[in-house]
Amino acid sequence: MAQSQQAFVSPDTIRSLFTEAMSAMYRTEVPQYGTLIELVADVNAEVLQANPELKARLAALGELDRINVERHGAIRLGTPEELFNMRRLFAVMGMEAVGYYDLSMAGVPVHSTCFRPVDEAALNINPFRVFTSLLRLELIEDKALRAEAEEILSRRKIFTEGALKLIALYEEKGGLTEEEARTFVAEALETFRWHSEATVSAETYKRLHDAHRLIADVVSFKGPHINHLTPRTLDIDAVQAGMPKRGITPKAVIEGPPRRKVDILLRQTSFKALEEPVQFIGDAATAGTHTARFGEIEQRGVALTPKGRALYDKLLNTVRGEVQVGAAGAGAGDYMSELSARFAEFPDDADTLRREGLAFFRYTVTEAGRRAVADGVKLQASVEELLKAGYLRFDPIVYEDFLPVSAAGIFQSNLGTDQQVNYAARANRAAFETALGGKVEDELALYAATQNNSLAASLQALGFTAPQLKSIA
Ligand code: OOG
Ligand code: NI
């Protein structure tokens, strides 16, 4: 047994191989995305040159080499079975479903999760995640159209035989050899590929499109084409401003929190989806176009506690309630300046965020702390005092998930803002988990565990005993 296990490559390696393959494929499929990547690389290089301190910190974290590597992508699935098998496929790459996002409230007939690595070591190796949505056909009012969409979807097979076989092998053996992993990546990639040949006639496509553009996107094609990839930028405002100069049209506003000294959660912006030629089926195969695929960038900050998140949601809602951004971007400037003004209420230094319990931090023992232990110094039995004495330090825990209001904004900008339908239906997490074949993990519990474990480990390293830990932490 030991021998066969040694031959397995780690799921982290499979995830990295998959990310590279997906990136290469998407760049050839959507050339504008290549231009965006170049812009992001240029901006990141400028930021690093202007901030030697940031550069040193990222280098110490081993982040420098991977700075321009994609951080996420997104797909939209049509049936419960597709979601079930997608969970199995991502498990091979060490990715699990974290978080439940209901987008029906924002007029998008889907609910979603994020498949991502969960443990810290895996996130450090490659944090690639996939925002995965499942179409909610029950939200289509027209019963005949719903039945037709279901029938069309029931006929398609989005996974290759080879991929399914290797998934089953992984489940049976608990791993894949390097050769199997390479084959798996090539087979898995097929699921995410763009197919310009639709599986429906131009007439059916139009009816689906009239019900909702997203329904046409999910139902009319052979598979769940990857609809965007998202690299990380160190200065999202600079990339947003730089896009038009390179012939890219960005969406009107950056989603998420405003620019701050201490970044919180997630800021995102995208460029508009491209109009691409498609071939419909029918007696006389007709040509048409479809818009679905775009590019996006993200900048991540510290994860917020439930208390911090409540404050974030409150401030964001007050701005959105008062400043509406029009379809053509009218009011975007007002929105961004109002957002900054309202967020003045949100503390903007790491220590206040920590002391007020608004954000999650990772604690580590400093060099001075280790020396103190070695020298047998009697240490203060309080976290605040240990921090003050310089024996303990704290760093932000990066937010690894998504934001439903932001996600809805990204969806809408790429579906056309003219379709603000508000569905009466509410979140249906239970139905989502039944389709998935398991529970989605609670992201807040993951951050809390990371913080608590880091503190407990640090205090232990500073020589405190288990009963003492309780009273200090
Ligand atoms: C997903 C949109 C959401 C994000 O980063 O919030 C998203 C989609 O358009 O399918 O990608
Ligand atoms: Ni995205």
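**Notes on salt bridges and the metal site**

1. Arg355 and Asp351 sit four residues apart in helix α15 (residues 350-355), so about one helical turn separates them. Helices here are DSSP runs of H or I with at least four residues, strands are E runs of at least two, and both are numbered from the N terminus. The two residues form a salt bridge, with the closest N and O atoms 3.0 Å apart. The term means a side-chain nitrogen of Lys or Arg within 4 Å of a carboxyl oxygen of Asp or Glu.

2. A word on the basis: this is a predicted model, in which local features need pLDDT of at least 70, side-chain atom pairs count only at pLDDT 80 or more, and totals for chains, interfaces and linings use all residues. Residues are numbered from 1 along each chain as its sequence is written, chains are lettered from A and ligands numbered from 1 in the order written, and side-chain values use heavy atoms, leaving out hydrogens and water.

3. The salt-bridge count comes to 37. Arg88 pairs with Glu171, the closest N and O atoms being 2.8 Å apart. This pair links helix α5 to helix α8 (residues 161-173), 83 residues apart. Elsewhere, Arg129, Glu298, Arg300 and Glu400 are linked in a salt-bridge network.

4. The nickel ion (ligand 2) has His72 (NE2), His228 (NE2) and Glu296 (OE) as protein donors, 2.0 to 2.1 Å away. Donors are N, O and S atoms within 2.8 Å of the metal (3.2 Å for Na, K and Ca); water is not among the atoms, so sites may look incomplete.
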